[in-house]
Amino acid sequence: MELVPIQHLPYAYRCALEVFAASGDRTKARLGSLVEHYLKSCGLSDDPHRTVYEESVYSHAKKSYGLGADQGF
């Protein structure tokens, strides 16, 4: 699966990443809950490309913040 560069992600995913980076626990579960919140807020919960976008967000977070298995990544 080819990952989507951050600049091409829908705003809901980018907002989730920004909030994730700004404060709170840096865990995969927390990032997942932020993504879910912003998708619901934007009416994108049924996006057919959701799997690719979520994997891209997780990959970006893992690389950018040095996250590993102890955070669920």
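Helices here are DSSP runs of H or I with at least four residues, numbered from the N terminus, and the expected span of a helix is 1.5 Å times one less than its number of residues. With that in hand, let's start at α1. This is a predicted model, in which local features need pLDDT of at least 70 and side-chain atom pairs count only at pLDDT 80 or more, while totals for chains, interfaces and linings use all residues. Residues are numbered from 1 along each chain as its sequence is written, and side-chain values use heavy atoms, leaving out hydrogens and water.

Helix α1 covers residues 11-22, and its 12 residues reach 16 Å from first C-alpha to last, close to the 16 Å expected. Its buried residues (under 20% relative accessible area, 1.4 Å probe, protein chains only) are Ala-12, Tyr-13, Ala-16, Leu-17 and Phe-20. Viewed down the axis of α1, these fall within an arc of 135°, taken from the directions from the axis to the C-beta atoms, so they line one face of the helix. The face turned away carries Tyr-11, Glu-18 and Ala-22, which are exposed (over 50%). Just after α1, Gly-24 takes a positive phi of about 85°.

What lies over that buried face? The cover includes α2 (28-42) and α3 (50-65).

Beyond its neighbours within four places in sequence, Phe-73 is in contact (heavy atoms within 4.5 Å) with residues including Phe-20, Leu-31 and Ala-61.

Technical notes
Helices (H or I, at least four residues) and strands (E, at least two) are DSSP runs, numbered from the N terminus.
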